[in-house]
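Please open the model in your viewer and keep the selection tool at hand.

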Amino acid sequence: MSTPLLSVSNLSTSFFTSRGEVKAVRGVSFELRAGEILGIVGESGSGKSITCMSLMGLLRSSGRVIDGSALFEGRDLLTLDEDELSALRGNDISMIFQDPMTSLNPTLTVGEQVIETILRHRKVTRAAARARAIELFELVRIPSAAKRLRSYPHEFSGGMRQRVMIAIALACDPKLLIADEPTTALDVTIQRQILALLKELQGRLGMAVILITHDLGVIAETADRVLVMYGGMVMEEGPVRELFARPSHPYTRGLLASIPDLRDDTHHRLTPIPGSPPDMLRPPKGCPFAPRCAHAMAQCNAALPPLYDAGPVHRARCWLHHPQAPRVAGITAELVPA
Amino acid sequence: MTAYVVQRLLLMLVTLFAIITLTFFLMHAVPGGPFTSEKMLQPEIQAALNAKYHLDDPLWLQYLNYLRGVLSLDLGPSFKYAGMSVNEIIAEGLPVTMKTGALALICVVALGVPLGIVAALNRNRWPDTLVMVIATIGVAVPSYVIATVALYVFALRLGWVPTFGLDDWRGYFLPVFALSGFWISFIARLARSSLLETLQQDYMMTAKAKGLKRGTVLFKHGLRNSLIPVVTVLGPVVANLLTGSFVIEQIFALPGIGRHFVLSITNRDYTAIMGITIFYAAVLMVMIFIVDMLYLVLDPRIKYRADAK
């Protein structure tokens with residue numbers, strides 16, 4: 001197999017607040033190949049956004065990467081200085097955010113916000129950058145592209161603004177696009193359009209995408225591989241099909257069970273996961289999910305489980321996968337046909 | 001847009017008319033008059049003076065006559081300074097007031113805004129603390145205290161600057177300092193909090209994520225958005241500085257119009273009260289109008305339309 005585009009290992013990020021150290025990301029490792037879509041799923045505070053912000057060097061001032069490495073094309077992103085990082089950002093690695101209503105500068109035309117990105121990273125004339133901006137607007141299907149360059153963000157709808165954000169992100173043909181909840185703030189029909197557009201552009205341009213979301217439905221439709229995060233850690237990772245077919249961590253199972261199914265007309269209630277996420281100021285010694293887990297054992301509170309293999313390319317951080325653990329239907333590999 | 005400007009200008013005239021009317025009748029409702037003093041004048045002299053200045057006319061007639069004068073830009077003769085018209089008082093004091101006021105304004109913009117920026121960018125570190133301590137003192141200590149202390153230290157003790165007057169260029173230092181101290185502090189605090197708020201905005205994160213250089217992020221994306229509240233207060237600040245300060249002009253013995261503002265009232269100098277009030281109101285309204293027009297340049301979301309009522 002070729003070397004991955006991005007290889008993150010043991011990434012740990014903390015925020016140093018007046019109340020103490022908040023361990024937001026604790027030893028996250030994953031690999032991303034060129035052209036792959038990796039979904040990172042988890043609830044608020046699970047560390048999924050902070051993981052990506054750490055890679056981009058965009059942590060707020062109280063946040064610091066305290067351990068780990070992140071090799072991107074052979075360079076460790078975590079050791080680059082601000083100049084080197086800013087040369088990468090928007091160029092090789094770009095990012096789109098959750099709320100398109102607030103992510104664009106209200107006082108500059110959208111055209112200027114695309115053009116300035118191109119001019120920052122490419123040695124081209126303003127006219128050439130403008131031509132490229134029109135091209136990008138056509139790529140993300142903003143109608144009458146040339147005219148809309150002169151518009152301000154407030155003259156666009158939410159979906160159109162997210163298209164502008166995507167155009168900015170694609171301006172310099174990035175090798176990696178990080179999309180942080182790109183559809184959360186949009187209504188459902190627009191969500192589908194934006195996801196379809198992202199997927200189509202990813203295929204056409206061959207870039208890798210990290211798609212951060214709390215919506216497993218979005219992952220199912222878009223991603224190739226999934227990381228499930230909880231309490232600042234990777235709980236489960238595997239190919240989308242495999243993970244949806246054989247969720248191997250109780251948390252993933254809980255997430256899947258809490259998705260409403262419109263085809264189900266038996267009118268039974270959604271199955272929520274009881275309890276609330278751990279306090280990252282004092283993370284539990286054992287498995288962070290143990291307090292909410294129906295299968296928790298004494299061992300779960302005592303020590304943190306390692307990532308066990310749940311299949312050839314499928315891993316889960318759960319003691320149930322220990323050879324001596326009791327078998328639990330639907331979670332432990334032995335009980336499902338290989 | 002043109003319709004809006006015309007509407008605004010008409011509205012300014014209506015406001016001015018209301019101010020004139022209100023001031024006129026309030027002023028006459030206050031007991032006493034321009035020729036009342038401890039040393040009682042002989043009744044005949046009093047009557048002659050009243051007749052000369054038409055103070056014996058019925059009030060409505062005086063009011064109409066005054067309005068006629070204002071319409072022809074004649075603010076009438078001063079009651080206290082014999083032989084001088086109110087127009088002349090303003091014309092004489094204005095250059096002095098404007099010069100010190102304009103210098104103070106330059107200090108406010110050139111020092112207040114950068115100090116606020118430095119403080120915001122060094123939030124909770126020593127430059128921030130230093131600027132905020134000085135700015136808090138500047139806002140809290142009245143200008144006459146600053147003026148008096150500065151006068152004592154720099155003029156009397158150290159002898160670096162003259163104690164009064166503007167004949168020497170060094171004479172401008174202390175009045176300008178005393179005039180601008182409060183507003184520099186005020187603007188520095190405002191610029192700081194406004195910039196801090198802007199720095200938290202999502203689009204600042206976008207600008208960084210695009211790889212823009214620190215300076216571009218700060219000045220192109222941050223500053224313009226954070227200056228909108230600063231520009232809002234600068235309108236009244238300009239009006240305030242250009243119309244002078246009674247206290248500062250008194251302390252430094254400057255022949256400006258600020259002092260006439262207060263003196264005219266204690267003197268019951270009817271026409272001077274009216275004239276200076278009208279002048280101040282007009283300057284203030286024009287400044288607010290200019291600020292509103294500046295918004296158009298600063299914030300493309302703002303568009304003005306004349307009300308179609």
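In which loop of chain A does Ser144(A) lie? Select Ser144(A): the residue belongs to the loop between α4 (126-139) and α5 (145-148) of chain A. Helices here are DSSP runs of H or I with at least four residues, strands are runs of E with at least two, and both are numbered from the N terminus. The model is a predicted one, in which local features need pLDDT of at least 70 and side-chain atom pairs count only at pLDDT 80 or more, while totals for chains, interfaces and linings use all residues. Residues are numbered from 1 along each chain as its sequence is written, and chains are lettered from A in the order in which they are written.

Ser144(A) is not a glycine, yet its phi is positive, at about 40°. Most residues other than glycine have a negative phi. Ser144(A) counts as exposed because it has 10 C-beta neighbours inside 10 Å; the cut-offs are 12 or fewer other C-beta atoms within 10 Å for exposed, 20 or more for buried, and partly exposed in between, with C-beta atoms placed from the backbone.

Next, select Asp173(A), in the loop between α6 (158-170) and β7 (176-180) of chain A. Its phi is also positive, near 50°. Asp173(A) has 13 other C-beta atoms within 10 Å and is therefore partly exposed.

Finally, display both chains. In total, 25 residues of chain A are in contact with 19 residues of chain B, contact being defined as C-beta atoms, placed from the backbone, within 7 Å. On the side of chain A that touches chain B, α3(A) gives the most, with four residues.

Notes:
Two residues are in contact if their C-beta atoms, placed from the backbone, lie within 7 Å.
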